[in-house]
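Q: Here is a model to go through. Please set its values against the definitions behind them.

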Amino acid sequence: MNRLKPVKARIQALKKQAHEVKTYTLTTENLPFSALPGQFNMVGFPGVGEAPISFSALVRENCFEHTIRSAGRVTAYLDGLKEGDELFIRGPYGKGWPLRQAEGKTVLLIAGGLGIAPLRPVIQGILEKRGLFDKVYLIYGAKNEKHMLFTDEFQTWEEEFPLFLALDEISNPDSGSPRMKVRDKRGWEYHIGLVTDMLDKVKIYPQRTIAFVCGPEIMMRFVCRGLLLMGIESSSLYVSLERRMKCGIAHCGHCQHYGLFVCKDGPVFSYKQVRGLPDGLL
Ligand SMILES: Cc1cc2nc3c(=O)[nH]c(=O)nc-3n(C[C@H](O)[C@H](O)[C@H](O)COP(=O)(O)OP(=O)(O)OC[C@H]3O[C@@H](n4cnc5c(N)ncnc54)[C@H](O)[C@@H]3O)c2cc1C
Ligand code: FES
């Protein structure tokens, strides 16, 4: 596959995940191609534009997935597409999560909002080879329960590792006194508060732990600080950065972050690499 050339991809299935968020199951003539968890495609349509979108599932049975929130020009166009329609992709680009490095270790997966999408291929990779990893924990926070993605997969995930869920707010607060926990109609219990509140739930040996963190930059900052306080080395913490992109291949400079090209050197970086850079929140 020529990774610079946009290729047509057909929408095999569309699934609404949450308000303005859909998962696109795609297929192309260029399959199979290999991608790593955490890598992204430039996704778009001629005349509309392109946006970097992470894989939310890698290639299996001639399909792969992207989970996209309608946020602006390109993604609003994609939001209007139907099953059977075509869009264009080029990629895969960037460096992904170091899953091989996580083998034999305790793995902390910490996601905020749409940040669960780039971590889903990690979860799927762990589920496929569960024996290769030590303890695994997922801490996942969203604005409210209506913004939680992949809820129909929680059961499968929880059979293999503990899942700690947090919400910033309750979507339908009743008139009672403020609560610290809420249960949805499927029975999932959510802590009301920040994902950082859940860090003390995990039992780890810091030297044998690796953490993959994905979400808004301010959330990643506080999570990483919490993990450092727990004794995990900054070189064992990984974050995925978002910057505005054009080329995706380190040519245009749009995504440059103090000498780093987020499109080529990232989007996944160790916290040690990006901590304290002047224009970032990390
Ligand atoms: C590596 C990577 C992976 C990503 N993965 C995903 C993913 O899996 N799913 C997903 O939904 N999104 C993902 N994104 C984010 C997505 O690429 C952006 O939301 C993208 O900008 C959407 O493009 P758009 O044309 O639809 O929106 P845009 O028109 O670019 O607008 C997006 C947002 O940016 C604001 N904006 C527009 N122009 C500017 C400007 N000049 N300066 C500041 N703000 C501006 C808009 O108001 C809007 O809120 C990822 C981004 C990166 C870098
Ligand atoms: S998007 Fe062009 S240099 Fe990264």
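A: A polar contact is a pair of N or O atoms within 3.5 Å; within protein, one must be able to donate a hydrogen and the other to accept it, and residues adjacent in sequence count only if both atoms are side-chain atoms. The model is predicted, so local features need pLDDT of at least 70 and side-chain atom pairs count only at pLDDT 80 or more, while totals for chains, interfaces and linings use all residues. Residues are numbered from 1 along each chain as its sequence is written, chains are lettered from A and ligands numbered from 1 in the order in which they are written, and side-chain values use heavy atoms, with hydrogens and water left out.

Q: How many residue pairs are in polar contact across the interface of domain 1 and domain 2?
A: Seven residue pairs, both residues at pLDDT 80 or more, are found by the rule across this interface. Strands here are DSSP runs of E of at least two residues, numbered from the N terminus. Those giving two or more residues to the side of domain 1 that touches domain 2 include strand S1 (7-18), strand S4 (49-60) and strand S6 (86-93). S4 gives the most, with eight residues.

Q: What makes domain 1 and domain 2 separate entries, and where are their bounds?
A: The bounds come from an automatic or database domain assignment, which gives domain 1 as 7-93 and domain 2 as 100-274. Their centres, taken over C-alpha atoms, are separated by 22 Å.

Q: How many residues of domain 1 are in contact with domain 2?
A: Contact means heavy atoms within 4.5 Å. By that rule 23 residues of domain 1 are in contact with 22 residues of domain 2.

Q: What area do domain 1 and domain 2 bury between them?
A: Buried area is the accessible area (1.4 Å probe) that two parts lose on being put together, summed over both. For these domains the value is about 1,700 Å², 56% of it on carbon and sulfur atoms. Gln 17, Phe 40 and Arg 60 lose the most area in domain 1, together 23% of what that side buries.

Q: Why is the pair of Asp 152 and Lys 15 called a salt bridge?
A: A salt bridge is a side-chain nitrogen of Lys or Arg within 4 Å of a carboxyl oxygen of Asp or Glu. Asp 152 and Lys 15 have an N to O distance of 2.3 Å, therefore the pair qualifies. The rule finds three salt bridges across the interface of domain 1 and domain 2, and 10 in the whole structure.

Q: Which parts of the chain does the salt bridge of Arg 10 and Glu 86 link?
A: The side chains of Arg 10 and Glu 86 meet at 3.1 Å, N to O. Arg 10 is in strand S1 and Glu 86 in strand S6, 76 residues apart, so the pair links distant parts of the chain.

Q: Which atom of Arg 69 lies 2.8 Å from an oxygen atom of ligand 1?
A: A backbone N or O atom of Arg 69 does. In Arg 244, an N or O atom of the side chain is 2.7 Å from an oxygen atom of ligand 1.

Definitions and conventions: Helix = DSSP H or I, 4+ residues; strand = E, 2+ residues; numbered from the N terminus.
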